[in-house]
There are 2 protein chains.
Amino acid sequence: MDRTSPRSSTRATEPRQGAQAIRRALSVLRILAAGREDGVPLAEVVRATGLTRPTVHRIVHVLIEESIVERHDKTGRYAIGNQVPELALARPRPSPLLVAAGPSLRRASAEIGDTLFLTVRTGNDTLCVDRRIGAYPIQVLSIEVGARRPLGVSSAGVAILAALPAQDARKIVTANEARFEAYRTDVATVLGEIAAARRLGYGMREIGLIQGTKSISTWIKTPDGRPAAAMTVSAVRTRLGPRREQEVAEILLRETRVIEQAIRASA
Amino acid sequence: MDRTSPRSSTRATEPRQGAQAIRRALSVLRILAAGREDGVPLAEVVRATGLTRPTVHRIVHVLIEESIVERHDKTGRYAIGNQVPELALARPRPSPLLVAAGPSLRRASAEIGDTLFLTVRTGNDTLCVDRRIGAYPIQVLSIEVGARRPLGVSSAGVAILAALPAQDARKIVTANEARFEAYRTDVATVLGEIAAARRLGYGMREIGLIQGTKSISTWIKTPDGRPAAAMTVSAVRTRLGPRREQEVAEILLRETRVIEQAIRASA
DNA sequence: GCGTTCTTGTCCATATTATGGACAGAACAT
DNA sequence: ATGTTCTGTCCATAATATGGACAAGAACGC
């Protein structure tokens with residue numbers, strides 16, 4: 001393929017070869033991570049990665065021998081193994097983003113009363129990294145810290161995609177096509193939602209991932225203009241009518257600016 | 001090499017082939033994990049893994065592209081990247097061992113006054129997973145949660161090796177030989193310390209990893225008799241004379257039994 | 001300055017390694 | 001019984017990862 005330009009062109013330096021197997025193993029791991037504790041059946045990994053079944057099987061079983069993956073004997077599903085958090089301990093724990101966003105999440109959840117989520121992008125996925133439960137007695141709690149979804153299926157994902165250059169966003173959405181089916185959406189729908197978010201200034205889903213819920217997400221950018229995260233409010237739909245939506249969005253946007261300042265300061 | 005015995009012999013099911021590159025990438029990652037935030041120079045990874053430099057270089061740079069590894073521009077060292085904790089979020093956080101050991105660590109550190117460590121085995125390494133600082137004004141704090149060392153170089157490692165079948169212990173020590181140099185020890189010394197720990201009933205190092213300190217470690221076994229972790233007291237040497245050593249060891253052994261009970265109960 | 005000895009990074013012919021089509025068994029449904 | 005969908009395995013083959021050799025940069029000595 002392209003053997004040109006040893007130095008980078010714009011910013012990405014992607015195409016290093018000689019490690020197909022390693023890359024494949026990682027894409028398997030990312031799919032397994034989306035399955036959290038319950039894990040994912042082999043066939044689903046095959047579908048989501050586009051690899052052949054023998055290949056996925058071989059990779060997964062080598063990773064089991066290395067304690068990177070676990071197989072739940074009961075269900076036969078595969079999940080992230082205990083060696084992964086062990087490796088993760090090598091890194092300093094409280095990430096700068098979490099520190100910067102903490103006070104804003106607290107303030108906003110107190111003010112709004114519903115649950116707030118902080119979600120980051122990792123590759124082609126969104127990953128919920130913090131959650132603050134609100135005071136109102138009915139709360140949307142089904143999304144937990146560690147929840148991972150293909151970019152595009154949640155309002156946070158739509159917000160992050162809206163904050164990316166259109167071309168990059170389109171590329172990611174296309175790459176995730178095989179995984180949209182499980183969330184009952186498709187490329188065209190997601191692209192439409194991204195366009196709507198760009199117009200509004202925030203991401204929104206009338207029908208949240210959970211029946212009867214609605215979500216609003218703003219995007220948080222790093223000083224260099226790339227999206228670092230999304231801040232999301234999820235609530236039962238009836239609590240987020242048009243007027244209330246406007247109010248909530250304004251609070252989110254205000255706190256978003258605070259977080260962006262805090263990131264700038266800590267950098 | 002040995003291409004024999006496709007079916008397992010006793011308990012291990014190790015030799016699945018067709019993924020050399022993935023295994024190599026993982027052994028690189030484990031070495032990088034030992035370097036914590038500061039990371040490890042490439043040459044050190046080459047030494048510790050026994051792989052060739054081009055291979056390590058290729059693996060490391062692919063992992064960088066995948067955000068599994070970071071390169072610190074200032075120092076040129078390689079470290080565990082931010083995608084690793086992100087994958088780790090897929091697992092439930094507080095591990096059963098930590099839950100089981102928590103009260104004992106608290107009790108023992110209150111009683112002894114010095115810092116207590118909980119250390120697990122992960123492959124051929126020890127990994128510090130919890131720490132409780134004591135009340136005495138001089139404390140050994142240089143070992144942090146996440147610290148990773150070759151099994152055998154710390155008293156916790158010696159304790160865990162002492163609790164393993166002698167043959168397994170010897171195999172691990174031999175496998176770590178290339179990494180002992182950096183800790184100024186060698187295979188013969190470590191095997192001697194393991195033998196001493198078996199005699200005493202606990203692991204001990206007159207000369208801790210830090211100058212002027214002394215450490216005592218007991219091993220914690222799972223119901224099936226395999227070592228799950230080690231509990232360690234580290235203190236300035238003068239605080240652990242022969243009589244005190246005896247007292248401290250008895251407290252540790254008592255709490256060890258409590259933890260073993262708690263594990264049994266939660267399983 | 002200039003050699004020496006470190007380090008990291010790159011190339012590419014080669015053979016070792018990972019690949020996936022084909023097959024088989026297990027579980028479940030009809 | 002017979003189909004369908006899942007997981008697991010085999011092995012000839014092609015593609016992949018390998019590592020010797022080379023290059024360039026950094027740090028030190030003098």
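In helix α1 of chain A, residues A:R24, A:A25, A:V28 and A:L29 meet A:T55, A:I59, A:V60 and A:L63 of helix α3 of chain A. Contact here means heavy atoms within 4.5 Å. Helices (H or I, at least four residues) are DSSP runs, numbered from the N terminus. This is a predicted model, in which local features need pLDDT of at least 70, side-chain atom pairs count only at pLDDT 80 or more, and totals for chains, interfaces and linings use all residues. Residues are numbered from 1 along each chain as its sequence is written, chains are lettered from A, and side-chain values use heavy atoms, with hydrogens and water left out.

Axes are lines fitted to C-alpha atoms, for helices over the stretch in contact, and angles run from 0 to 180 degrees between N-to-C directions.

| Helix pair (chain A) | Angle | Axis separation |
|---|---|---|
| α1 (residues 20–34) and α3 (residues 53–65) | about 80° | 10 Å |
| α1 and α2 (residues 42–49) | roughly 120° | within 10 Å |
| α5 (residues 96–112) and α10 (residues 242–266) | about 155° | 9 Å |

Angles under 35 degrees count as roughly parallel, over 145 as roughly antiparallel, 65 to 115 as roughly perpendicular and the rest as oblique.

Take α1(A) and α3(A), at about 80°. That angle makes α1(A) roughly perpendicular to α3(A). Their contact residues divide into 6 nonpolar, 1 polar and 1 charged. In these classes, Ala, Val, Leu, Ile, Met, Phe, Trp, Tyr, Cys and Pro are nonpolar, Asp, Glu, Lys and Arg are charged, and the others, Gly among them, are polar.

α1(A) also packs with α2(A), with the axes crossing at roughly 120°. The two are therefore oblique to each other. On α1(A), the contact uses A:S27, A:V28, A:I31 and A:L32; on α2(A), it uses A:V45, A:A48 and A:T49. By class, this contact has 5 nonpolar, 2 polar and no charged residues.

The axes of α5(A) and α10(A) lie 9 Å apart, at an angle of about 155°. These helices are therefore roughly antiparallel. Among the contact residues are A:L97, A:S104 and A:R107 of α5(A), and A:R244, A:V248 and A:E255 of α10(A).

**The interface of chains A and B**

Chain B and chain A each give 49 residues to their contact. Together they bury about 4200 Å², 58% of it on carbon and sulfur atoms. Buried area is the accessible area (1.4 Å probe) that two parts lose on being put together, summed over both. B:E65, B:L87 and B:R91 supply 16% of the area that chain B buries against chain A, more than any other three residues.

Side chains of opposite charge can pair when their charged atoms come close. A salt bridge is a side-chain nitrogen of Lys or Arg within 4 Å of a carboxyl oxygen of Asp or Glu. The count is 32 salt bridges over all chains, and 8 are found across the interface of chain B and chain A.

A:R23 forms a salt bridge with B:E65, with the closest N and O atoms 2.7 Å apart. This pair crosses between chains, from helix α1 of chain A to helix α3 (residues 53–65) of chain B. B:R30 forms a salt bridge with A:E66, and there the closest N and O atoms are 2.4 Å apart.
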